[in-house]
Amino acid sequence: MRVGLIQALVLFIAASGAQAEEATVHLLPRAESSAALTGAAAQGYYAQLQLAEIRAKTALPLKDLSLDEARIAAIKAYGAATGDFTDDERVALAEAVESMQPVLSARAPLYARTPWCFIKVNGTIEGSLPHTRGDCIVLAEGVLQALAKAHAKGKFDHPSGVWALLLHEQTHVLQRRNPALFAGLYTDVFGFRQVEVSPPDWLKVRRVINPDAPVVEWIYPVGKDAARHWVLPDIELSELDHPQMPADFKVVALGVHELEGRRWALDDAVMPATQTDLERVADYVDAFPVKGEAFHPNEIAAEMMAEIITGVRVQNPEHPLWARTRQWADGALR
Ligand SMILES: [Zn+2]
């Protein structure tokens, strides 16, 4: 959706350095934030959510509600969770973006040209985790308070942690705006393949939709020779009655096989199903330098772009995927 057309606070920040582009920052007021989180463009997200997952993401009991009723309750809860930024939060975010702008202009002009949009929410949705919706980064008040505190203490003098957070999230915005560009990274550089896999019922009720990676159809080859097979990384709930986010999330590798062309199926159509912890699939884990956020190419890319652009906190710097990904970024992020 287009954000910030009316009433948004727009700050044009002149970045230092003659060549640096100006950064545009929209800090959405509450009403616009609610519209961005629950308006027509956001409806696809809620249409994917299942009952247990809505409980995890909103902590609503949803007692005796149908799935349709629960989705409506979720939309209401997300819309009600938004808030207005405090002055301290505005200044901290503006300064964080401003401080990055010369680096972005030099190393990733596509990021330098992309507007920044922020939505503030309270701690009642998505486990207070930073995420994105449309063109906006959604930050919980706890995160914003920590940012404002760090800014007040002068901690932005060494802003790599703040930059890493913001660049990770902004990468998800860019992925949404440039799907074909990033698909090339996932297939040609990372080695994923994009297929169509319809989730069986047992998976549907357990799957957790990541708002930053809602399309779960990227499969990856593991094993050698006759043992070679493909897995689908996914996030599931380990507890369906009263799930907590993210404590009851587990990251798994699901076996998949080809049906015909792009159509693939899960090896396990019914329960009990084999759900291997992704971190126990050595071929997959070893294929990527980033750990902990490797369950979807969108997340791998977000981690790697943040580390490539900032040049700090680079995980496993000797890993061969860094050179190939840097080469991609040099061309793609112009
Ligand atoms: Zn992410």
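Is the crossing of α1 and α4 left-handed or right-handed? The crossing of these two helices is right-handed, meaning that the near helix is turned clockwise from the far one by less than a right angle.

## Before you start

Welcome! This is a predicted model, in which local features need pLDDT of at least 70 and side-chain atom pairs count only at pLDDT 80 or more, while totals for chains, interfaces and linings use all residues. Residues are numbered from 1 along each chain as its sequence is written. Helices (H or I, at least four residues) and strands (E, at least two) are DSSP runs, numbered from the N terminus.

## Helix α4 and its partners

Let's look at α1 (residues 30-38) beside α4 (residues 67-80): they pack at an angle of about 150°, with axes 8 Å apart. Axes are lines fitted to C-alpha atoms, for helices over the stretch in contact, and angles run from 0 to 180 degrees between N-to-C directions. The pair is therefore roughly antiparallel (over 145 degrees; under 35 is roughly parallel, 65 to 115 roughly perpendicular and the rest oblique). Ser34, Leu37 and Thr38 of α1 meet Ile75, Tyr78 and Gly79 of α4, where contact asks for C-beta atoms, placed from the backbone, within 7 Å.

Helix α3 (residues 51-58) packs with α4 at about 20°, and here the axes are 10 Å apart. These helices are therefore roughly parallel, and their crossing is left-handed (the near helix turned anticlockwise from the far one by less than a right angle). From α3, Leu51, Ile54 and Thr58 meet Leu67, Ala70, Ala74 and Ala77 in α4.

Of its 14 residues, 13 are buried, so α12 is largely enclosed by the rest of the structure. Buried requires 20 or more other C-beta atoms within 10 Å of a residue's own, exposed 12 or fewer, and partly exposed lies in between.

Gly311 follows α12 and has a positive phi, near 75°. In the loop between α12 and α13 (320-332) sits Arg313, with phi near 55°. Asn316 belongs to the loop between α12 and α13 too, and its phi is near 45°.

## Two cis peptide bonds

Most peptide bonds are trans. The bond from Met245 to Pro246, however, is cis, with omega near 0°. The Met271 to Pro272 bond is cis as well, with omega near 0°.

Technical notes:
Two residues are in contact if their C-beta atoms, placed from the backbone, lie within 7 Å.
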